[in-house]
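Could you open the model and keep it in view while you read? I've jotted down some points for you to check against it.

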Amino acid sequence: MMEKQQYDVIVIGAGHAGCEAALAAARMGRKVLVAAINVDKIAHMPCNPAIGGIGKGQLVREIDALGGEMGRVIDRSLVQIKILNSSKGPAVQAPRAQADKREYSRLMKTVLLGQEGLRLIQGEVVAIRQLGGGRLEAALSDGSQFSATAIVVATGTFMRGELVVGQKKVAGGRAGELASAGISIALESLGLRLGRFQSATPPRVLALSVDFSKMKVQPGDRTPINFSFSSPTRIKNRQRDCYLTYTSEKTHEVIKKHIHLSPIKSGSVSARGPRYCPSIDRKVINFPDRERHPVFVEPEGWKNHELYLQGLTTSMPVEIQEMIIQTVPGLSAAKVIRPGYAVAYDYLLPHQLKSSLESLSVAGLFTAGQINGTSGYEEAAAQGLIAGINAALHCRGETPLVLSRSEGYIGVLVDDLVTKEIDEPYRMFTSRAEHRLVLRADNADLRLAPIGHRLGLVSDKMMLQVSKKARDIARCLDKLEKRLIGPGASAGAPVAQKKGAAVKARDLLKRPEINIEQIKDVVKLGGISKDARHQAEIEVKYQGYIKRQLDQIEAQKRLELLGLPEIDFASIEALSTEARQKLARHKPASLGQAARIAGVSPADISVLMVYLEKCRTGS
Amino acid sequence: MLSRKYDLIVVGAGIAGIHAAKTAVRMGAETLLVTASWDTVGCLGWGPVYENPHLWSAEEKRGLKKAVLGAIEIEAGSAVFIDNYIHQGYWKYQLESAEKLTIFQDMCEGVGKLNGEWLIKTRWGLEFQAGAIILTVGTFMRARVRFGAHSGDGGRPGETGSSALADTLVDHGVELRGSCNAAGATIHAKGINWGRMVEVPYIAQCAGQSTGSVFQVKDDQSRLHTLAPINRRGECFYLAGAENENREDQAEEYVHRLDGLQAAEIMKPGFRVDFARLAPGQISSEQKVAGLEGLYFAGRVCGSAGYDESSRQGRTAAKAAVSRET
């Protein structure tokens, strides 16, 4: 093979997963080829024109902390940003931004084209083969062939993609775009098992035909924040508004009357759809007591009159879509510009992956993104980053990066994928993270930047910033511990102690009605950044809960440290039949991971512990 | 709900279609613009080079100022180099803001007649009616894309085409013929040996910037082709002029034989599309099909080349369709 056709890493697909994978591997010094089926649709947002949200915002902050690109690009292309759940506890607060879709895509493409060591080409991969000597080969439809030590497959919804509206089905990966069968065939011929999922997107309407006076304005935050820890402070507050309206009784009537035409009922889509991102038809059937469902009307960019109707996802026939839209206040005269539709596609059953996202059976083959059964750009980007890092480490012959469930949402995501039964598209929520009080969007940099720095993905400058923040927090906590606030202290009436002995500032801060900004002057915290003060405040206020979670994490670590060698589970008769099957299928890396597999009970874990002890002592 | 009846329907949102739609609404016609993908509205899919865009209105010249990278003089007048991203953004917003214009994304799969009016049928099952229709479907009928060893469906690489529309046109007596269009490769700046290129600075012509240049590269017969940056960042260059020179299965080798491009890395290969076009001699100077009232064609589907010609035909067809006597 000609020298120029050899690479370290080949990334197939340039969506959200593919872009993170390619950039990470290239930034770690590998020679990377990215093959995109359409170079004019890099990091495209085919559904919600937004980044972040509950659970997802945490993922984006972690991607950013590890040196990934998503946070930086959305900061430069957002039309609105806000913190969700700002009135609730810090564990569930998450940033969410509306994007200018076209601009996001253009910026990400620019980053790819400017990346040293990365080559972007347009082409469709139709075969993946194992060559000897630890090399893999990807063959494109135009006849060209490339070899690499690692391949990251990040093909999204394009594998045997089928577009569905009502009863009609047409081959396609997205509206107007051709699907691809090559990768599915390639993966199957490598012995990998595929499943089938479907995802749908709502119709878009033209802004000029919408009556916003019937809707409630949903503006961005007055003091807009950034997603990326490395973005400069936002000076201008120029944002676009979103709007909120609701379905009406009439809407539900229309849906019920035509429910036989919905692909769910009519059976024309047998693939499973996302439970947590359901179509409006599914919502009306599953929640018949709900009088109304929210519909968020979101702009798709600055100079863009298209509006995304979040909450009205449907792939009913177009006439029915129009009837549904008509019944929503504010949308009675709305003109549909793009109809909603569903796409059914092949995905790889992710239990066939290691926690590094490398295939259990094909060395050097990694998969990331929607292909692993997830839904969401953020979930895809997080996997892409891990797969790209590990593809690079694989090239170097080093141990892969595996984040544990207590280190980040990314850890939760990957662990869930390889241990759980993924029978519907997986979406991240804060409730999936048992350690969410410790894994917050606001402290992702403290937790993960050191890892990103060690890998060479986070700059020294950024690392200094993070170290300073950690020191500031420590200083702040120290001052709160040492400063006593007595009665009549000058910090303002609500803070002053009424009577009694002086109290530590730290203890005063524990009171729900006191916040750190109120006492910052008394405790002389002015020299410490607001961000660090905020972090210290959380530590103080949630001290008890945080300690409990940290203890749980420690206990869990012990189980995680018990690595599992290659075991013939079938030979361990004391295991339940189901446990034997599931363990053989998932091949868990540790006892802790084994415990999380559905179908493996605590009794089975005890059996394994006894078995391991026997192996260890040789008895 | 979308109206199902219009004064005029334009099928296709490429250069011919967007000019047809714009002209029609300016003349007061209730117009429907149907396209398989609104993301490719106004797309310069055959190279970002516009020869002689003298037909741009004053408003368009103002609005497209930022899209113009520069111009050089050529035999036929001038060649203007456009940033496709900005060009598309402008047209997308312009059309979305136009009163009397309805836009709908769906593939047109057939035409028919109902009560003396024309009907179009879309892939997802909608039917729209109008007194006149203008088909600006470009290279998308019975289309096959070829590059390297790849030969597959599509009006452009990765984009779905339609054979159903062609069949219904033939049923109505329209004659079609095979044709072929080719586009050049897009190349990464990194592998280009600039020392072998002849730099041709932009002239100050259009109301746009004039700093920057294109580069001319020689082939082994000393013919000149042009390497034009596709945007101001200059990371990629479009190779113009070499489209019809090479067989698609030798496209990469051809590029590497050009002087200074021996180590060039191709981002997007050049490609050819075989498609069905209107057989010559069927349309009048007003773009109307002989013998079929209310049926018009404009753009590459008529066998023409160049965006300038497509936009001229789109405007002409719209003027004729809207002002025709019913």
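1. **Ground rules.** This is a predicted model, so a few limits apply: local features need pLDDT of at least 70, side-chain atom pairs count only at pLDDT 80 or more, while totals for chains, interfaces and linings use all residues. Residues are numbered from 1 along each chain as its sequence is written, chains are lettered from A and ligands numbered from 1 in the order in which they are written, and side-chain values use heavy atoms, leaving out hydrogens and water.

2. **Chain A as a whole.** You'll find 20 helices and 23 strands in chain A. Both kinds of element are DSSP runs numbered from the N terminus: helices are H or I with at least four residues, strands are E with at least two. The C-alpha trace of chain A spans about 80 × 75 × 50 Å along its principal axes. Its radius of gyration is 26 Å, close to the 25 Å from the globule rule for 619 residues, so chain A is as compact as a globular protein of that length. (That radius is taken over C-alpha atoms, and the rule is 2.2 Å times the number of residues to the power 0.38.)

3. **What is covered.** Of the 619 residues in chain A, 60% are buried. Here buried means under 20% relative accessible area, exposed means over 50%, and partly exposed is in between, with a 1.4 Å probe and protein chains only. Take a look at helix H3 (residues 70-77) of chain A, which is mostly covered, with six of its eight residues buried. Among those buried in H3(A) are Met70(A), Val73(A) and Ile74(A).

4. **Aromatic pairs.** Over all chains there are 14 aromatic pairs. To pair, rings of Phe, Tyr and Trp (its six-membered ring) need centres within 6.5 Å; planes under 30 degrees apart are stacked, over 60 edge-to-face, and the rest tilted. Phe197(A) and Tyr347(A) are a stacked pair, at 3.8 Å centre to centre with 10 degrees between the planes. Phe197(A) belongs to strand S13 (residues 194-201) and Tyr347(A) to strand S20 (residues 341-348) of chain A, so this pair ties together parts 150 residues apart in sequence. Both Phe197(A) and Tyr347(A) are buried.

5. Phe212(A) is in the loop between strand S14 (204-206) and strand S15 (216-218) of chain A, and Tyr243(A) is in strand S16 (residues 242-246) of chain A, 31 residues apart. Buried or partly exposed: which is Phe212(A)? Phe212(A) is partly exposed at 25% relative accessible area, whereas Tyr243(A) is buried at 18%. Over in chain B, Tyr6(B), Phe104(B) and Phe128(B) make up one aromatic cluster.

6. **Charges over rings.** Arg102(A) has its charged end over the ring of Tyr85(B), 4.3 Å from the centre. Arg238(A) lies over the face of Trp302(A), 4.0 Å from the ring centre. The test is that NZ of Lys or CZ of Arg is within 6 Å of the ring centre and within 35 degrees of the ring normal.

7. **A sheet in chain B.** Four strands make an open antiparallel sheet in the order S11-S10-S19-S12 (chain B). Strands S11 (150-153) and S12 (176-183) of chain B are at the edges with a single partner strand each, so one side of each has no neighbour in the sheet. Strand S10 (residues 144-147) and strand S19 (residues 271-278) of chain B pair over three bridges, in the antiparallel sense; DSSP must find at least two bridges for two strands to pair. Across that pairing, Arg146(B) stands opposite Arg272(B) in S19(B).

8. **Cysteines.** How many disulfides turn up over all chains? Zero, in a search of the whole structure, with a disulfide taken as a pair of cysteine sulfur atoms within 2.5 Å. For Cys108(B), the nearest cysteine sulfur is that of Cys302(B), 15 Å away. Cys108(B) is buried at 5% relative accessibility, and Cys476(A) is buried at 0%.

9. Ala43(A) isn't a glycine, yet it has a positive phi of about 45 degrees. Ala43(A) is in the loop between strand S2 (32-36) and strand S3 (50-52) of chain A, and is buried at 0%. Lys587(A) also has a positive phi, near 45 degrees. Lys587(A) is in the loop between helix H18 (577-586) and helix H19 (591-596) of chain A, and is partly exposed at 44%.
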